[in-house]
Amino acid sequence: MIRFEGVSKTYPGGQQALRQVSFHIAPGEMAFLTGHSGAGKSTLLKLISIMERPTVGKVLINGHDLNHIHSRQIPYIRRDIGMIFQSHQLLMDRSVFDNVSLPLIIEGYSHREISKRVGAVLDRVGLTDKSRSLPVTLSGGEQQRVGIARAVINKPPLLLADEPTGNLDPKLSMEIIRLFEDFNQAGVAVLIATHDLGLIARMRYRTLTLKKGQMITDGLTEDWYDEPAV
Amino acid sequence: MSLLFKGRDQGAQRTRISSVQRLLMFFISHIRQALASLGELWRSPGASMMTIAVLGLSITLPSTLYILLKNTEKVSAGWEQASEITLFLHQNTQPGDIRQLTTRLSLWPEVESLKHIDKAEALNEFKQLSGFGDALNYLEENPLPDVILVTPDSKNTSPTAAGKLLEKLQKEREVELGQLDIQWLERLHGLVDIAKELVSVVAMLLFIAVALIIGNTIRLNILNKRDEILVLKLVGATDAFIQRPFMYTGFWYGLLGGLLAWFTTWLLLWWMSDSIGRVTQLYQTQFELTGLQGESLLGMLGLSVFLGLAGSLLSVHKHIRAIEPK
Ligand SMILES: Nc1ncnc2c1ncn2[C@@H]1O[C@H](COP(=O)(O)OP(=O)(O)OP(=O)(O)O)[C@@H](O)[C@H]1O
Ligand SMILES: [Mg+2]
């Protein structure tokens, strides 16, 4: 599903964020991406959603080399990827319904279809009664769930999340991760960047660890958790 | 259609609707967006009114000048006697020859009408008007020549055409001298030409200003909505989708500015109609000031809408592309 082949990223300032990173995430797989602050987690996710381009190497999604994607085609690529951010990236002056329906409006769905789908997805994330609320009136966890609802509403085959549990307490974090597990169970590939080691430790998922831009471990949580190095 | 995943349909293709329905939905969504942009203007009435006022007044100046100019042309077109040609005939020309000449000339396509002033008649008139009366009786023979006044037809009233006609008339055997007082006409035409050019230049500059003002207003709108645009780009909106509401805002600015200009132009002309009436009375012309109506009104509104769209297109192209999620 996602394949990195010898990818390096050097920012214009000379900051080398990724060095020779290679890995593959299979369709329908769920994995965590971890590492210290500044290790390059966000950079790696941005290369997948083409918010940045690799300096060296190739990023492939479903066998398509993203280097060959023209900037005009980027919007269509993003419609295949559900993205979730720590800062939610919600429109604060629009209702939950409007926020969640955004990807469908962009793709030109009919009103009936939109109400139907938004209703279903809000039900899935447990926000049915908040449909008309403004995001500012919601808690952090609820806002994050709005972001997740928006990311999955057009049923993308791939979900990327950058620190989705950022400021949430362990219980709420777990709820969010459970949501991701649900979607994963439905066949969606999920890649979650987080430095919440405690959270990862409680599950058995493949974990990719970055350190100063290099991939230092790639394996199941248990194997990795024995090494105190990170 | 998905670029990355074969068989994964995106958007409305999935819901199988007929092309007629899709076309209908296309129009409905456009109308909805147009109304949304209008609503946006309505939400900040102060700022919107100010912009519309600037646009309206900028368009008022050239459109008022245009109307005055158009009316001046209409009036001057009414002064056909302006290029009347006076032909003085040779002293010894016989009445029969004169009759022949007038019939000949009246057949010329360039000639609208002819008037013969008999030399005896002219002398009488001169006697009465000059007051020399009796003194003139002592003259052995009438010193005045026969005169023919030639009015060219409407296609030949311009100074150059009338000049050519004069040359042709002077070649006639009976004609001693022809005169055409075209200097003042040439001056008038020259002035009107200069005024026309001036109006075009002023209009051009103001129209550019209008487009720039709209462009800048849209630019500020775009910068104000930076966060929203970022979110839209993150969830896969194309630039075309994002720029549409801004284009509609430009459209409304153009249309509303044009309507305001129409109103202020009407107001200005109404205000000036008294003084214009007094001037035209001096020229004894039956003169009705035509304002902006029909085609020219549509033309002006079309132009201001065009300027609105052009201004916002410039802005939208540059500034929406510059906003990219990082
Ligand atoms: N736009 C940018 N321009 C220049 N340097 C950047 C840019 N974005 C990130 N960097 C640098 O690249 C490195 C990796 O940054 P990145 O954001 O990928 O780290 P991260 O692992 O997501 O960190 P965190 O856990 O704090 O979010 C950092 O040293 C950072 O300073
Ligand atoms: Mg980060």
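**Rings, a cavity and the domains of chain B**

Q: Over the face of which residue does R132(A) lie, at 5.0 Å from the ring centre?
A: The model is predicted, so local features need pLDDT of at least 70 and side-chain atom pairs pLDDT 80 or more, whereas totals for chains, interfaces and linings use all residues. Residues are numbered from 1 along each chain as written, chains are lettered from A and ligands numbered from 1 in written order, and side-chain values use heavy atoms without hydrogens or water. A charge sits over a ring if Lys NZ or Arg CZ is within 6 Å of the ring centre and within 35 degrees of the ring normal. At 5.0 Å from the ring centre, R132(A) lies over the face of F97(A).

Q: How far from the ring centre of W108(B) does K168(B) lie?
A: In chain B, the residue over the face of W108(B) is K168(B). Its distance from the ring centre is 4.5 Å.

Q: What is the angle between the ring planes of F4(A) and F23(A)?
A: Over all chains there are four aromatic pairs (ring centres within 6.5 Å; stacked under 30 degrees, edge-to-face over 60, otherwise tilted). F4(A) and F23(A) form a stacked pair, 4.7 Å centre to centre.

Q: Is F23(A) buried or exposed?
A: Buried means under 20% relative accessible area, exposed over 50%, and partly exposed in between (1.4 Å probe, protein chains only). F4(A) has 2% and is buried. With 6% relative accessibility, F23(A) counts as buried.

Q: Why does the pair of F251(B) and W252(B) count as edge-to-face?
A: W252(B) is buried at 14% relative accessibility, whereas F251(B) is partly exposed at 25%. The ring centres of F251(B) and W252(B) lie 5.1 Å apart. The pair is edge-to-face because its planes stand at 70°.

Q: Which element gives the most to the lining of the largest cavity?
A: The lining has 13 residues, and R78(A), I81(A), G82(A), M83(A) and V235(B) lie nearest the cavity centre. β6 (81-85) and α5 (140-152) of chain A each supply at least two lining residues. With four residues, the element that gives the most is β6(A).

Q: How far apart are the C-alpha centres of domain 1 and domain 2 of chain B?
A: The assignment, automatic or from a database, gives domain 1 (34-76 + 188-322) and domain 2 (85-179). Their C-alpha centres are separated by 54 Å.

Definitions and conventions. Rings of Phe, Tyr and Trp (its six-membered ring) pair if their centres lie within 6.5 Å; planes under 30 degrees apart count as stacked, over 60 as edge-to-face and the rest as tilted. On a 1 Å grid over the protein atoms alone, a cavity is a set of points where a 1.4 Å probe fits but cannot get out, and a pocket is an open set with protein on both sides within 12 Å along at least five of seven lines; lining residues have an atom within 4 Å of a point.
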